[in-house]
Structures are given as structure tokens and as C-alpha cells.
Amino acid sequence: MNMDIFDNLLNKASIFKDERKLDINFIPKKLPHRNKELSLLSQLFLTLLTNPNEISRKILITGKTGIGKTVTVKNFGEMLIKAAKKREISIKYIHINCRKERTSYKVLIKILRSINTNFPKRGYSPQDLLEIINDFLNIHNIHILVVLDELNYLINNDNDLIYSLTRLNDDSFNLPQRFSIIGIVRDISCINNLDNSTLSTLQRNIIKFENYTNEQIFDIFKYRAEISLKRNAVSDELIEMISDLVSIKGDIRYGLNLLWKACKIAENKNLQSITSECIRLATEDMVPFSTLDVLKDMTSQKLIFLLAIINQIKNNKNNKVTFLEILKSYLILCENTELKPRSYSQLWNYLQEYKKEKFIFVKLESKSIKGRKALIEVPDIPIVKFENIIREILDSKGLKI
Ligand SMILES: Nc1ncnc2c1ncn2[C@@H]1O[C@H](COP(=O)(O)OP(=O)(O)OP(=O)(O)O)[C@@H](O)[C@H]1O
Ligand SMILES: [Mg+2]
């Protein structure tokens with residue numbers, strides 16, 4: 001019986017040519033409408049090939065979410081490594097997501113592991129690690145290009161590292177320069193929290209990624225459909241429909257997910273191509289990928305507090321919940337999961353972080369922490385869906401509620 005289901009599924013004509021190529025982590029060979037940025041990066045880093053280890057470059061990239069910052073830099077990294085290999089220059093590209101590696105220690109270990117896979121993990125301070133990395137690069141004559149993606153997560157936590165990395169080799173004129181850095185942030189204002197000297201180093205070279213226009217979004221999806229779907233699986237009109245939906249937010253990830261879902265719906269209906277109805281159905285239960293990403297990397301404590309807020313919003317139909325109400329719900333969740341509750345001030349910080357991550361809008365109405373009335377709204381995602389996602393993630397972390 002089960003075999004029949006598989007047989008049927010396997011024999012069914014698929015809409016996909018290569019499903020993988022719609023995945024948000026896939027790095028396509030071409031990036032329509034990012035050539036200007038790619039060639040700017042190449043010009044800036046050309047010196048790494050013409051005068052190896054003579055200059056180190058520090059660049060900052062900014063631009064809104066989902067407009068190709070990460071993928072363009074990764075694509076550029078591949079190009080640079082290829083060009084360096086051809087010329088027998090040792091350059092290593094190391095891409096670090098600071099949302100995942102939130103301390104200098106973690107970032108440095110990641111760098112070290114990428115150049116020397118045998119390195120034992122424990123027992124070193126960040127300063128030690130920095131020196132070990134520097135020595136290793138000198139002994140093996142390597143230059144590294146470290147990309148600190150989503151750098152804003154490190155800025156408030158660990159400014160020292162950014163300072164050390166940007167200043168490294170600065171006072172050693174005439175010595176080989178081993179480190180280049182590309183920092184990526186969405187919002188340029190977050191770098192204002194850095195000290196003046198780091199700020200001035202980073203501000204020297206800023207590349208701003210502009211939002212895509214409607215026509216550009218169309219070209220991108222036309223291309224992504226071309227490499228991942230069979231011919232005629234999606235018409236230009238429908239790509240236009242997707243582009244219009246994407247242009248509201250500008251996040252290409254949303255569109256990739258939408259297109260993938262629409263294809264799955266079409267396949268389920270035994271269709272050879274997507275219809276507008278498939279796209280409409282696909283939009284109905286979409287969660288922005290960026291949201292999902294951030295949720296997946298949150299600590300259990302922070303997730304539980306978010307769940308407490310959502311529970312309260314569900315109970316209070318008018319969307320207005322007080323800190324005290326949230327707290328009650330939070331303490332019950334902590335008891336159920338046997339987690340030790342966090343302090344008021346820590347929870348207050350969580351609220352500020354959610355706000356920054358755009359999970360909730362908070363409007364305050366009174367002054368003392370406990371009595372504070374906050375008008376909390378959850379944008380974008382239907383509340384029940386939001387709750388289910390958080391529960392699923394907690395479940396995957398072994399926390400049953
Ligand atoms: N010009 C393009 N051509 C093809 N695909 C693209 C293009 N620009 C972006 N994409 C795709 O869109 C998705 C989002 O891009 P990316 O991850 O680079 O966004 P980002 O600017 O780094 O966003 P965030 O600030 O949220 O990290 C990726 O899957 C990427 O492959
Ligand atoms: Mg990114």
C-alpha cells in the first residue's frame with residue numbers, strides 16, 4: 001500500500017527541474033542587478049591580488065533585509081578565491097553570521113577553525129586567540145577576508161572585537177597585512193554605538209545596497225524560475241504577480257518561498273504549471289523567512305517570554321497587555337518547563353530586543369516597570385501560526401509545554 005503511494009509520487013510529473021535552486025541558502029551563479037555592487041567590491045579588493053598582504057581592506061555594506069547583501073558577498077568571495085588560486089596567492093574567505101556567533105570568543109574560534117581545523121577549543125582568551133590567528137597567518141603566509149554578517153548583533157555585545165579586528169596590523173607599518181573585513185548591517189545607524197576610531201575606519205568604505213525596483217524583482221524571479229523549474233511551469237504574468245507581492249516588502253526570500261510553495265500546491269493538484277490560485281493559496285500561510293531565521297536562533301528563555309506575550313495577546317482580545325499579565329503567563333511557562341525565570345530587567349531587555357527585531361510593536365503608557373501598560377501588537381504573522389512556530393522550535397530544543 002505504502003509502496004503504491006511512493007510509486008505514484010515518483011511517477012508524477014514534477015514542476016521542478018532542480019528544487020534546490022529555490023532554496024534561500026542556494027548561491028546562484030548569476031545575480032541579476034547586483035553587477036554594480038560586485039564590480040565595486042572587486043575594485044576595492046583588487047589590491048589583495050596585485051599586492052598580496054600589503055594592504056588590508058575594511059568595508060561596510062548596508063541595505064534592507066532580503067535584497068541580496070549576503071548572497072552578493074558570498075558570490076564575490078567565490079570569485080576572489082578562484083582568482084587568487086589562479087595566481088597562487090593564499091587568500092581564505094571566512095563568512096561569519098554574528099547572530100549565530102555572538103561573542104568575540106565564538107567569532108575567533110570560528111576563524112581559527114576555518115584556517116586550522118585541528119585547533120583545540122578551550123582554554124584561551126579572545127586576546128590569545130587573536131595572537132594565535134595572527135601567528136598562524138604569518139607562518140603560512142595567508143590573508144583572510146572575514147565577513148561579519150549581521151554585524152549589528154555583535155556591536156552591542158562585543159565592541160572590543162570589532163575594535164581589535166579593525167585595528168589589527170594598523171600600527172605595524174611595513175609588516176604584512178593579514179586581515180580584511182567586510183561588515184554587513186541592515187541599518188547603518190547601529191554603528192554609531194562604536195568608538196570613534198572604529199567608526200572612522202568602517203565609515204571610510206560604505207557600500208549601500210539599494211532596494212530592487214519592481215522590474216528588477218521581476219528579472220530576479222524570472223531567472224530563479226528558469227534555473228529551478230521546468231519550461232512553461234510559470235508564465236510571465238504569474239512572475240509579475242509574485243514580483244508585485246514581493247515589492248511590498250522588498251524581501252526576495254519571501255518570493256522564493258512563495259514560488260516554492262505555489263509549485264508544491266500545483267503539484268498536489270496534479271497541474272503541469274502554476275496558476276494564480278496556487279499563488280493565492282501559497283500567500284495565505286506564509287511566514288517571512290527572516291522571522292523564522294531569527295526565531296530559530298533565539299535562546300529558549302527568550303522564546304518562552306515571547307510565547308508568554310503571545311498567549312496574553314490571544315487572551316486579551318483588544319491587543320493591550322500589561323507587563324504584569326505577561327509576567328504571570330511567563331512564570332507559569334517557566335514552571336512547566338522547569339526553566340529558572342529571568343529578572344525583570346532581563347525581561348525588559350527582551351522586550352526591547354523583540355522591538356528591534358520587529359516581532360512586536362510596544363507603546364508604553366506608564367512609568368514603573370511592573371505597572372507599565374504596554375500596547376503590544378504582533379505584525380505580519382497570524383497569531384496562532386506564530387504561536388505554533390514558537391512551540392515547534394521549543395519542541396525541537398527538547399522543551400515540551
Ligand atoms: N539579484 C539576485 N538574484 C538572484 N537571487 C537573489 C538576488 N538578490 C537576492 N537573491 C536571493 O534572495 C535571498 C535573500 O538574499 P540575501 O540573503 O543576500 O539577503 P540579505 O540582504 O543578506 O538579507 P538580510 O539583511 O535579511 O540578511 C537569497 O536567497 C538570495 O539568493
Ligand atoms: Mg544576510
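**Strand pairing and helix packing in the predicted model**

Strand 2, which spans residues 91-97, is mostly covered, with 6 of its 7 residues buried. The description that follows, like this opening one, rests on a predicted model. Strand 2 has a partner in strand 3 (residues 143-149), and the two pair in the parallel sense over 7 bridges.

Leu137 lies in helix 5, which covers residues 126-140. The relative accessibility of Leu137 is 0%, and the residue therefore counts as buried, the cut-off being under 20%.

Two helix pairs may now be considered in turn. Helix 11 (residues 252-268) packs with helix 12 (residues 276-284) at an angle of about 120 degrees, and their axes are 8 Å apart. This angle makes helix 11 oblique to helix 12. The crossing in which helix 11 passes helix 12 is right-handed. On the helix 11 side, the meeting residues are Tyr254, Leu258, Lys261, Ala262, Ile265 and Ala266, and they face Cys278, Ile279, Leu281, Ala282 and Thr283 of helix 12. Sorted by class, this contact comprises 9 nonpolar, 1 polar and 1 charged residues.

The other pair is formed by helix 14 (residues 300-315) and helix 15 (residues 323-337), which pack at an angle of about 125 degrees with their axes 8 Å apart. Helix 14 and helix 15 are therefore oblique to each other, and their crossing is right-handed. Helix 14 contributes Gln301, Ile304, Phe305, Leu307, Ala308, Ile309, Asn311 and Gln312 to the contact, whereas helix 15 contributes Phe323, Glu325, Ile326, Ser329, Tyr330, Leu333 and Thr337. By class, the contact of helix 14 with helix 15 has 9 nonpolar residues, along with 5 polar and 1 charged.

Technical notes:
Residues numbered from 1 in each chain as written. Chains lettered and ligands numbered in written order. Predicted model: local features only at pLDDT ≥ 70, side-chain atom pairs only at ≥ 80, totals over all residues. Heavy atoms only, no water. Axes fitted to C-alpha atoms, helices over the stretch in contact; angles between N-to-C directions. Helix = DSSP H or I, 4+ residues; strand = E, 2+ residues; numbered from the N terminus. Parallel < 35°, antiparallel > 145°, perpendicular 65-115°, else oblique. Left-handed = near helix turned anticlockwise from the far one by under 90°. Contact = heavy atoms within 4.5 Å. Nonpolar A, V, L, I, M, F, W, Y, C, P; charged D, E, K, R; others polar. Buried < 20%, exposed > 50% of the residue type's maximum accessible area, 1.4 Å probe, protein only. Pairing = 2+ DSSP bridges.
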